Amino acid sequence: MISETLKKPLACWRGKERYNGTTVECLTIIFESGGCSWARCRMCSYRFEKFPDRSCEGLARHLHAQLSWVRSQFSLDEVAMIKVFTSGSFFDPAEVPPAFLAEAAAAFRGKIVITETRPEYINRETLERFVAEIDNGTHATPLYCAIGLETSSDPIREKCINKGFSFADFTAAAHTAHAAGAGVKAYLLFKPLFLTEAEAVADMRSSFADLTGRVEMVSMNPCTVQKRTELELYWRQGAYRPPYLWSVLSLLKDAPMEVTCDPLGGGQKRGPHNCGTCDYEIVRGIRDYSLTADRDLIGALLDTECACKAEWEYVLAREQPYCMPLTR
Ligand code: SF4
Ligand SMILES: [Zn+2]
């Protein structure tokens with residue numbers, strides 16, 4: 001018997017996710033793929049994660065070995081949802097060869113699959129085929145395309161993030177995904193470069209409003225300072241501060257839809273943070289909220305007192321684009 005090559009993906013873990021008003025078991029997989037074809041966003045270090053052999057055969061073999069590793073380590077029967085990331089776009093054929101899409105679809109049949117992609121790779125035929133292959137009748141919407149829209153503002157997406165697509169591109173892709181029988185999850189980036197705390201909060205509020213009725217899921221990522229990024233350069237010069245956790249709470253409390261949020265690096269200087277004293281409880285509460293959608297919990301956390309709350313209120317009221325950040 002020929003032994004199969006197994007390769008551990010960049011990351012793979014079991015967890016819980018909120019879905020349709022309940023909590024489901026989820027397996028998250030981050031495959032090493034050919035890497036993001038865009039690779040230009042100012043805050044992103046994921047773009048450095050790529051397999052050097054970008055030939056179709058080489059990539060398909062490498063992805064196959066990672067899927068085999070996942071199947072050897074986890075029982076897919078035990079999870080209802082699979083989240084698939086590639087440090088880029090799962091539906092980019094230069095990154096993930098179409099042959100591997102078919103293999104992954106067969107492995108994930110009967111699951112709710114959420115997979116990330118830029119809008120330009122949302123192609124009706126590809127999605128219809130993928131949906132048909134994973135759909136065994138268990139779930140009304142077996143596939144969700146997660147798109148890093150980041151903000152509904154075109155100037156902010158272009159100038160502060162350098163994302164390379166417009167809100168119109170996003171809405172057209174969402175329309176195509178829906179027509180192919182898939183749902184859409186939008187990722188928003190809270191506080192990209194060059195915005196004051198108040199501007200960033202206002203940007204998220206208008207993004208929530210603009211997404212209402214257009215997508216099935218919204219997830220807000222408070223910005224973290226990743227290594228080897230343009231954002232890190234500014235941060236090292238003292239020209240950027242990650243958002244306050246107080247701002248995250250206030251956004252979640254008033255959002256017009258259910259918004260999930262996993263504050264990566266929460267409480268650390270590179271991640272969303274307050275003063276260091278109140279951070280732990282708030283980060284834990286935000287994670288709990290993402291599973292329960294319990295707004296009373298968010299309201300209660302927002303009502304807690306800490307000396308840094310007055311500082312946050314001052315920053316919101318006084319920080320100006322030409323003299324920021326006021327705090328670290
Ligand atoms: S944020 Fe997404 S689209 Fe932008 S460079 Fe990173 S992986 Fe590519
Ligand atoms: Zn505090």
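Q: Which residues are around ligand 1?
A: Keep in mind that this is a predicted model. The residues around ligand 1 are Cys 36, Trp 38, Ala 39, Arg 40, Cys 41, Cys 44, Tyr 46, Arg 47, Ser 87, Gly 88, Arg 118 and Gly 148.

Q: How does the shell around ligand 1 divide into nonpolar, polar and charged residues?
A: Six residues of the shell are nonpolar, three are polar and three are charged.

Q: Why does Ala 39 count as partly exposed?
A: Because 14 other C-beta atoms lie within 10 Å of Ala 39. A buried residue needs 20 or more, and an exposed one has 12 or fewer.

Q: What is the phi of Asn 162?
A: Positive, about 65°, although Asn 162 is not a glycine. Asn 162 is in the loop between helix 4 (154-161) and helix 5 (167-179). Asn 162 counts as partly exposed, because it has 16 C-beta neighbours inside 10 Å.

Q: Where is there a cis peptide bond?
A: First, the general idea. Most peptide bonds are trans. In this structure, the bond from Met 324 to Pro 325 is cis, with omega near 0°. Pro 325 lies in the segment after helix 11 (308-318).

Q: Which residues of helix 1 are buried?
A: They are Leu 59, His 62, Leu 63, Gln 66, Leu 67 and Val 70. These residues cover an arc of only 135° around the axis, so they lie on the same side of helix 1. They pack against strand 1 (11-19), strand 2 and helix 2 (98-107). The face turned away from the buried side carries the exposed residues Glu 57 and Ser 72.

Q: What span should helix 1 have, at 1.5 Å a residue?
A: Its 18 residues should span 26 Å. The end C-alpha atoms of helix 1 are 26 Å apart, which agrees.

Q: How many helices and strands are in the protein chain?
A: The protein chain has 11 helices and eight strands. Its radius of gyration is 20 Å, close to the 20 Å that the globule rule gives for 328 residues, so the chain is as compact as a globular protein of that length. Buried residues make up 44% of the 328 residues.

How values were computed: Residues are numbered from 1 along each chain as its sequence is written. Chains are lettered from A and ligands numbered from 1 in the order in which they are written. This is a predicted model: local features need pLDDT of at least 70, side-chain atom pairs count only at pLDDT 80 or more; totals for chains, interfaces and linings use all residues. A residue is near a molecule or strand if its C-beta atom, placed from the backbone, lies within 6 Å of it. Ala, Val, Leu, Ile, Met, Phe, Trp, Tyr, Cys and Pro count as nonpolar, Asp, Glu, Lys and Arg as charged, and the others, Gly among them, as polar. Helices (H or I, at least four residues) and strands (E, at least two) are DSSP runs, numbered from the N terminus. The expected span of a helix is 1.5 Å times one less than its number of residues. The arc is that of the directions from the helix axis to the C-beta atoms. Two residues are in contact if their C-beta atoms, placed from the backbone, lie within 7 Å. The radius of gyration is taken over C-alpha atoms; the globule rule is 2.2 Å times the number of residues to the power 0.38.
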